[in-house]
Amino acid sequence: MTAALQTIALGKHFGALHVTRQVNLSLAAGARHALIGPNGAGKTTLINLITGALSPDEGQVLLGGRDVTALPQARRVKQGLARTYQINQLFSDLSVLENVAISIAERVGAAGNFWRRASANSHVIDEAVELLARLKLDAYALTPVRELPYGRQRLVEIAITLGQKPTVLLLDEPAAGVPSAESHIILDAIAALPEQIAVLIIEHDMDIVFRFAKFITVLASGGIIAQGTPEQIAGDAHVRAVYLGQGGDV
Amino acid sequence: MTELLDNGGGSAAARRFMAGREAWHWAEALPWVVAVAAFFVFPDYLALGTQILIAIIFALSLDLILGYAGIITLGHAAYFGAGAYGTGMLSAHLGWGEPISAMLFGGFVGGVLGFVSGWVLLRYHGLTLLMLTLATAIMLKEGANAAEEWTGGFDGLVGISIWPLLGSFEYDLWGKTYYCFALVVLLLCFLAARRIVHSAFGRSLVGIKGNVGRMHGVGTPVHGRLVAVYTLSAAMAGLAGGLFAESNAYVTLDVLSFARSGTVLIMLVLGGTGRLYGAFVGAAVYMILEDELAKLSPEFWEFGIGLLLVIVVLFFRRGLLGSLDDLRARSMGGGA
Amino acid sequence: MEQVARAAISILFDGVAYGMLLFIISVGLSITMGLMGFANLAHGAFAMAGGYVLVSLMLTFDLPFIPALLLAAVAVAAVSVLFERFLYRRLYQADELDQVLLSIGLVFMATAAITFIYGPSTVSLKVPAYLQGQIDLWIGLFPAYRSFTIAVGGLLILALWYGFEGTIIGVKIRAAVDNRRMAQSIGINVDRLFVIAFALGSGLAALGGGLAIEIIGMSPTFSLTYLVFFLIVVAVGGLGSIRGAFVAALFLGIVDTAGKYLWPDGGAFFIYAMTIAVLLVKPEGLFGRA
């Protein structure tokens, strides 16, 4: 079976600094894959290489078996690759509904039409409402995003991404900055993600990682140092030495 | 089943909300009432009125790219000027003076130039884009200066002769015909602009202005989208230029000047960007003040507009209309 | 044949003098735009102020040319500090549009004020006898005043080079242009650097404005007329690069002068086309950092 997402010997350097080296990743459809590693391991760079925000110096990125290494970010999105951001990237003056509608309109090709009223795209609005209901954001649909509590804003971040109906979803520290009282909202949303999506999650919170992931890749200094099931990773002495040992519950 | 019902209710509310965003407000009738009233009340000022209407169209075109898509340009006169020369040369060299089609031709020339230059320039940002737009407009002006045979160079393009509008309304000394013509063109341009900004396309421009990285992330072809709105804006600027050429029957290099690019920017910022009506208020206030004050003392006018600009940038960044909104919001907040 | 050579040398000489003038005026803009990221369209107004202050000092106070020139530069530099403190600094974090609008507003005000005080026509002054006429520079006779301008420009290049490479303040400015946050975090007082750089840049512009009176003329529209040239020097040379400003200014001076002689109608077109071409290929300018 072709992998939903695959990287082959991906590499990137800034001058003499190798921030990504020889990274081979493979996610099947429906995968729940976590990417962990100490600060500065190159996790965000790797995400940027996969999404196309950066272009690699070597290696390939494959989506559903197709080489997308040369495609710009927006084209990869069209091929089913979506991501959330570590720091919220929202349209904070617009309502939650409009944030999601922008994304959906883009996917269904309505956003290229400059003559049709936005309010006439009822299929876009209906889909947005349905998506918000699924994420339990419907009560906030008409509220400007900046007035939402932070945890809900993180949820909007995920909602925008799901508006793309991705086959591969990259979650970049989805719970970052969310107060612990609200973190269950994010956990519930992640648990409820459609099953067939391949999910790659970057997370520092080991609780979330071990609860969510069926497979873990450990990154250090730009390269993969271990891969395996959560049990294997938890028992890997090398990983413990460079990473888990550093600070217990990081 | 209650969930489904809720869902249906949510959808209806969401549609009402989205429709509310683009609903007409009674105050939107005001500028048109004023424009029609001015026709009867100030019959001696219709020539100035025509120039104001043309300036509003031009400022409106700038609002599309600056106010909605966040494209900063110091060279928007390039498209106004291209339209003016396009319309003017059609009459002066090919003898075609039918006003509506000649003006549309001006819009076409502006649009084509906007598409070509936008395709190249809109890959750049910030100071580089500022410099590129500035240099493009001035290069065009120098090109027009050099192509004397076609443009009349420094002396201006003469020999523009425009036929009666719709075959029956002659050009008149008081400018009645062109005032009405310009008002109708403005109305159509405004309706188009309003339609554009309230489309999903318009929303995506606001998204690009607000957070371009995220728009890449939802698969928006950002460059293409910007080129599209730039082309629409340039075409509208070209229409304004075409009208300008027809109403004056004369075109000089001034239509391409940096001063014109700067003035339209100032008008729009004075009125308020990203709200369509800012173009109306800004252009009207600017041109009426100029007409009144420059008569008294050109230096006084120039100093005044400079000072006003500084004050607006420092204290009233949202322009006249935006500040009015803020004031209203504050007084309502205080009352509650 | 000899005539052609003589004409070529004359064009080259005039072009270099003009280029030096552009460099003296624009280098400050390059530093402030590189350091503070401020699109200051009013930079030429400081040059213009320098020119008019020079005229006043010589006519009203009877000062000799060179002391008056230096005094004008110092005076404008001092006044520019007020502008930096009360206006510019409020917009360092704002977007380019606000900076552009504020500085255009200042240009208008400066133009109107100068017209009001000095009238709309071109001003002139009496340069001392030793700067009039021709001077023998071994390889031939050259206009004395332009030779003087070139010499001043050359001295300035050396002084700036030494200042930026060899003094602490220069190293700090370079560090802050490179990476402001880093500079701040190692304890450089960036705020004070801004004032110093702004005053230096305005003072140099004023010096250039004084020198410009005899070469390209001085009228109230000076800052608007030459604005685009100053911006081209900065953008093509690369923000914050003194070497870039120098190369771009010399090139612009020579090409523009040659264009005026050889191709009066199309020369300017060529300059803008070249500017666009350079920026399309190297948006950061010839010597700028990407």
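This is a predicted model: local features need pLDDT of at least 70, side-chain atom pairs count only at pLDDT 80 or more; totals for chains, interfaces and linings use all residues.
Start by colouring by chain. Two pairs of chains touch, and the pair with the most contacts is A and B. Chains A and C do not touch, and their nearest C-alpha atoms lie 13 Å apart.

Next, select the interface of chains A and B. Here 32 residues of chain B are in contact with 40 residues of chain A. Together the two sides bury about 3200 Å², with carbon and sulfur atoms giving 61% of that area. On the chain B side, show M18(B), R195(B) and R214(B): these lose the most area to chain A, together 22% of what that side buries.

Six salt bridges are counted between chain B and chain A. To see a salt bridge, pick R203(B) and E98(A), whose side chains meet at 3.6 Å, N to O.

Helix α1(B) gives the most, with nine residues. Coloured by class, this side of chain B shows 12 nonpolar, 13 polar and seven charged residues.

Select A9(A) in strand β1 (residues 5–14) of chain A; its phi is near 45°, a positive value in a residue other than glycine. A9(A) counts as partly exposed because its relative accessibility is 23%. Then go to L276(B), in the loop between α12 and α13 of chain B, where phi is positive too, near 60°. At 4% relative accessibility, L276(B) counts as buried.

Key: Residues are numbered from 1 along each chain as its sequence is written. Chains are lettered from A and ligands numbered from 1 in the order in which they are written. Side-chain values use heavy atoms; hydrogens and water are left out. Contact means heavy atoms within 4.5 Å. Helices (H or I, at least four residues) and strands (E, at least two) are DSSP runs, numbered from the N terminus. Buried means under 20% relative accessible area, exposed over 50%, partly exposed in between (1.4 Å probe, protein chains only). Buried area is the accessible area (1.4 Å probe) that two parts lose on being put together, summed over both. A salt bridge is a side-chain nitrogen of Lys or Arg within 4 Å of a carboxyl oxygen of Asp or Glu. Ala, Val, Leu, Ile, Met, Phe, Trp, Tyr, Cys and Pro count as nonpolar, Asp, Glu, Lys and Arg as charged, and the others, Gly among them, as polar.
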